[in-house]
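This briefing concerns a single protein chain and is intended for readers who have the coordinates at hand. Please consult the sequence and the structure shown here before turning to the points that follow.

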Amino acid sequence: MAIMNFGGVDENVVTREEFPLEKAREVLKNETIAVIGYGVQGPGQSMNLRDNGFNVIVGQRKNSKTWDKAVADGWVPGETLFEIEEACQRGTIIEYLLSDAAQIEVWPQVKKHLTAGKTLYFSHGFAITYKDRTGIVPPPDIDVVLVAPKGSGTSLRRMFLQGRGLNSSYAVFQDATGHAKEKVLALGIGVGSGYLFETTFKREVYSDLTGERGTLMGAIQGIFAAQYDTLRAHGHSPSEAFNETVEELTQSLMPLIAENGMDWMYANCSTTAQRGALDWWKRFRDATKPVFEELYEEVAKGNEAQRSIDANSKEGYREGLNKELKELRDSEMWQAGVTVRKLRPENN
């Protein structure tokens, strides 16, 4: 473990050089990793573990689209693909990667197979942090750990296939065996993490829920819509409004920020752009800071968690979700985006 300085603050991080794949395989050589759920994180994590040489099985509901997807990805029914309860029985490490709402529903089936010495693994701190709302309370004689990749399972898999890694946080909630830490680090390396940084279940879910509703998804869509609508209202074409709002950011500027930081990107833009950005960024910060403070407070109180549980457990949840997603998809801005993406050079 290395102590790294992040903006003047020291943090514990673990790199693949410090904890190589060979060591991870040695730590988990006698373990059977049962990945429960094959939706968002399940495919990427299970296939990366399999390709890295670990003993992996998948647990999923039979006669479902995700069961069929698992078969298409090379998991063999009766050998490496099982119904959820059988996978839990066979597994010594249970990666609980169902959606938060589904974790609540399936928990009674999973809990009865959490015998002494097993490991329960999460990629989100939701179930444990909000246990009073979820009812998910692990038995005291098992290890409970977390590896949370900082991106989607699709990104985790794509980066793995490119020989890259997606950074992840890790945490130990319960160490019954005395080996929980080495197991969670081995699992973090096994699923394809670039490096691992230490957190807690509570800090992970607070930051994750804030980020999803904030700059990662909610706030960014809100800012896109506000700027696009303003440009359109003042007579700019859909193509121009979309290019200035989304395309230039995602295709040109974000890669520069990812590679070198915001200051470098500013320094390598026109002086007019620099001046305007430096003059206006604090106004946007000050305008949105109260919203982020309110958002974080709602997360900390558990209100956001309860809203998610209630909404995602309703009858007809999928139909309602698809209706809301259709509103986004059919909006002029994102329909303009369909055309703009087709015009990219790599698509012609």
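The points below go from the overall fold to helix packing and then to individual residues.

The model is predicted. The protein contains 17 helices and 10 strands.

**Overall dimensions and contacts**

- Taken along the principal axes, a box of roughly 65 × 50 × 45 Å holds the C-alpha atoms of the protein.
- Buried residues make up 40% of the 348 residues of the protein.
- Among contacts with a separation of 6 or more, 66% join residues 24 or more positions apart.

**Packing of H14 and H15**

- Helix H14 spans residues 271–301, and helix H15 spans residues 303–312.
- The axes of H14 and H15 are 4 Å apart, and the two helices pack at an angle of about 70°.
- H14 and H15 are therefore roughly perpendicular to each other, because an angle from 65 to 115 degrees counts as such.
- On the H14 side, the contact involves Glu298, Val299 and Lys301, which meet Asn303, Glu304 and Arg307 of H15.
- By class, the residues of the contact of H14 with H15 comprise four charged, one polar and one nonpolar.

**Packing of H16 and H17**

- Helix H16 covers residues 317–330 and helix H17 covers residues 332–342; their axes lie 5 Å apart at an angle of about 60°.
- This angle makes H16 oblique to H17.
- In this contact, Leu328, Arg329 and Asp330 of H16 meet Glu332, Trp334 and Gln335 of H17.
- The residues of the contact of H16 with H17 divide into three charged, two nonpolar and one polar.

**The loop between H13 and H14**

- Ser270 is located in the loop between helix H13, residues 262–267, and helix H14.
- The UniProt record, an unreviewed entry, places the feature "binding site" at Ser270.
- Ser270 counts as partly exposed, because its relative accessibility is 43% and the range for this class lies between 20% and 50%.
- Asn268 also belongs to the loop between H13 and H14.
- With a relative accessibility of 47%, Asn268 counts as partly exposed.
- Asn268 and Leu256 are separated by 12 residues in sequence, and their C-alpha atoms are 9.3 Å apart in space.

**The loop between H15 and H16**

- Lys314 is found in the loop between H15 and H16.
- Lys314 counts as exposed, because its relative accessibility is 59% and the cut-off for this class is over 50%.
- Between the C-alpha atoms of Lys314 and Leu187 the separation is 34 Å, and the two residues are 127 residues apart along the chain.

**Thr119 in strand S7**

- Thr119 is part of strand S7, which runs over residues 119–122.
- Thr119 has a relative accessible area of 0% and is therefore buried, since buried means under 20%.
- Leaving aside residues up to four places away in sequence, Thr119 touches Thr92, Ile93, Ile94, Asp143, Val145 and Lys183.

Key:
Residues numbered from 1 in each chain as written. Predicted model: local features only at pLDDT ≥ 70, side-chain atom pairs only at ≥ 80, totals over all residues. Heavy atoms only, no water. Axes fitted to C-alpha atoms, helices over the stretch in contact; angles between N-to-C directions. Parallel < 35°, antiparallel > 145°, perpendicular 65-115°, else oblique. Contact = heavy atoms within 4.5 Å. Nonpolar A, V, L, I, M, F, W, Y, C, P; charged D, E, K, R; others polar. UniProt positions renumbered as here; feature names shortened; annotations may be inferred. Buried < 20%, exposed > 50% of the residue type's maximum accessible area, 1.4 Å probe, protein only.
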